Each structure stands twice: as C-alpha cells, then as structure tokens.
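Here is a short tour of one protein model, written to be read with the structure open beside you. Take the sections in order, or jump to the part you care about.

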Amino acid sequence: MEQENLKELISKKEIQNKVKELGKQISEDYKGEEILAICVLKGSFVFTADLLREVTVPSTVEFLAVSSYGASTESSGIIRILKDLDCSIEGKHVVIVEDIIDTGLTLNYLMKTLSTRKPASLKVCTLLDKPERREVDMKADYVGFEIPDEFVIGYGLDFAEYYRNLPGVYIKSDE
Ligand SMILES: O=P(O)(O)OC[C@H]1O[C@H](OP(=O)(O)OP(=O)(O)O)[C@H](O)[C@@H]1O
Ligand SMILES: Oc1ncnc2cn[nH]c12
Ligand SMILES: [Mg+2]
C-alpha cells in the first residue's frame with residue numbers, strides 16, 4: 001500500500017505528550033485503587049501499550065476484539081465481539097481504552113455488554129474523539145484529541161488493516 005497522500009493531523013510528539021497527560025490524570029483519579037484496562041483490539045493496541053506505561057497505580061490488562069468497520073471507512077453498525085475477555089470484571093475498576101470514538105456504536109455496545117458484568121466502575125479513555133459523526137449519545141471520561149470529520153489512520157488506526165504502524169495520526173485522502 002502506498003503511503004503518499006497522507007496529511008499529518010497529530011504528530012508523534014503531540015501524541016507522546018498527550019499520553020503522558022492522560023496517564024497522569026488516570027493515576028491521580030485512581031490513587032489507592034487498582035485498574036483493569038481493557039484494550040479494544042485491534043486499533044487501540046498502540047495507545048494501550050503507551051498509556052499503561054504512564055499509569056502509576058497497580059494495573060492489569062485484558063484484550064477484547066470487536067469489529068464494525070472491516071475494510072471500509074464507514075461503520076457497518078453491526079458490532080461483533082471477535083474475541084471476548086479471559087476473566088471476570090466483577091468488582092473491578094475497569095477502564096476501556098479506545099483509539100477512537102466515531103459513531104459511538106462500538107463503545108455503546110461495549111458499555112452495555114460490560115456493565116451487565118458488574119464492574120465496580122466502568123470508565124472510558126479514548127485517544128481520539130470525532131463528535132460530528134456520533135449516532136448514539138456517547139462521551140468518554142478521558143479524551144486525548146477532538147478531531148474533525150475525517151477518516152484518520154496511524155498509531156493503531158487502520159484502513160483495510162494497513163497504516164496501523166505509522167507514528168502519528170494522518171488524514172487518509174482519496175486523491
Ligand atoms: O465509534 P465507532 O464508529 O464504532 O468507531 C470506532 C471503532 O472503530 C474502530 O475499530 P474497527 O471496527 O475498525 O476495528 P479495528 O480496531 O480492528 O480496526 C476503532 O478502533 C473503534 O473501535
Ligand atoms: O477515522 C477512522 N479511522 C480508522 N478507523 C476508524 C473507525 N472509526 N473511525 C475511524
Ligand atoms: Mg479499523
């Protein structure tokens with residue numbers, strides 16, 4: 001896949017600074033507690049790895065795979081759990097870690113599903129938020145960057161599984 005026609009939206013350095021900020025905030029908010037971070041695969045694997053290394057309270061991590069975009073730039077609206085958690089979240093302080101909230105359909109599904117499993121608390125940290133495209137009322141507790149209505153790639157985010165390895169966040173243009 002060619003990598004030209006990519007316009008940088010958020011630089012690697014800006015992401016690094018924001019991740020430090022979010023990690024510090026979460027560490028302060030959960031002081032004296034421990035958290036279970038849920039990495040929503042695939043997209044948030046990069047953000048989760050960086051964020052957790054900035055969290056100073058005891059933490060465990062679990063992985064959950066959902067998919068709704070596939071090889072498209074539009075959500076199918078049909079959320080599928082491809083891989084469920086390996087442990088109970090009952091009584092745990094859960095932080096769902098997402099790379100992006102776009103229509104909100106994925107997070108809406110996850111919040112509904114996970115809240116039935118009786119966590120002590122359930123919060124969301126997302127690196128990117130695209131409010132203009134929301135289809136359901138969904139807000140994260142921790143947001144890195146609010147971005148315009150553009151399809152973005154990089155730092156874990158893909159288009160047809162490519163570009164996840166890019167260091168920053170870029171706008172994918174069709175031309
Ligand atoms: O708010 P929404 O419109 O639901 O979009 C956000 C979701 O879509 C992307 O995942 P995707 O389904 O592309 O799977 P991936 O993480 O494996 O790329 C992204 O990682 C979020 O999980
Ligand atoms: O802008 C975006 N880039 C990559 N994946 C997704 C999913 N929702 N929105 C996206
Ligand atoms: Mg994707």
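## Overall size

The protein has a radius of gyration of 16 Å, which agrees with the value near 16 Å for a compact globule because the chain has 175 residues. That radius is taken over C-alpha atoms, and the globule rule is 2.2 Å times the number of residues to the power 0.38. Along the principal axes, the C-alpha atoms fill a box of roughly 50 × 35 × 25 Å.

A word on ground rules: this is a predicted model, in which local features need pLDDT of at least 70, side-chain atom pairs count only at pLDDT 80 or more, and totals for chains, interfaces and linings use all residues. Residues are numbered from 1 along each chain as its sequence is written, chains are lettered from A and ligands numbered from 1 in the order in which they are written, and side-chain values use heavy atoms, with hydrogens and water left out.

## Order of the elements

Three helices and nine strands make up the secondary structure. Both are DSSP runs numbered from the N terminus: helices are H or I with at least four residues, strands are E with at least two. Along the sequence the pattern reads β-α-β-α-β-β-β-α-β-β-β-β.

## The six-stranded sheet

Six strands build an open sheet with mixed pairing, in the order β4-β3-β2-β5-β6-β7. Two strands count as paired if DSSP finds at least two bridges between them. At the edges, pairing on one side only, are β4 (80-83) and β7 (142-146). On average, neighbouring strands here are turned by 30° against each other, direction ignored. Axes are lines fitted to C-alpha atoms, for helices over the stretch in contact, and angles run from 0 to 180 degrees between N-to-C directions.

Inside this sheet, β2 (residues 35-41) and β3 (residues 59-67) run parallel and are joined by seven bridges; Ile-35, for instance, has Ser-59 of β3 as its bridge partner. Helix α1 (residues 12-29) packs on the sheet, where it touches β2, β6 (121-129) and β7, and its direction makes about 160° with that of β7. Contact means heavy atoms within 4.5 Å.

## The three-stranded sheet

A further open sheet has the order β1-β9-β8 with antiparallel pairing. Its edge strands are β1 (6-10) and β8 (152-153), each pairing on one side only. Four bridges link β1 to β9 (residues 169-172), while two bridges join β8 to β9. Ile-171 in β9 is the bridge partner of Lys-7 and also of Val-152.

## Backbone details to check

Most residues other than glycine have a negative phi, and most peptide bonds are trans. The bond from Leu-41 to Lys-42 is cis, with omega near -5°, and Lys-42 lies in the loop between β2 and α2 (45-52). Tyr-155 is not a glycine, yet has a positive phi of about 50°; this residue is found in the loop between β8 and β9.

## The second largest pocket

Tyr-155 turns up again among the lining residues of the second largest pocket, together with Lys-12, Ile-15, Gln-16, Val-19, Lys-20, Asp-50, Arg-53, Glu-54 and Pro-167. On a 1 Å grid over the protein atoms alone, a pocket is an open set of points where a 1.4 Å probe fits, with protein on both sides within 12 Å along at least five of seven lines; lining residues have an atom within 4 Å of a point.

Helix α1 gives the largest share of this lining, five residues.
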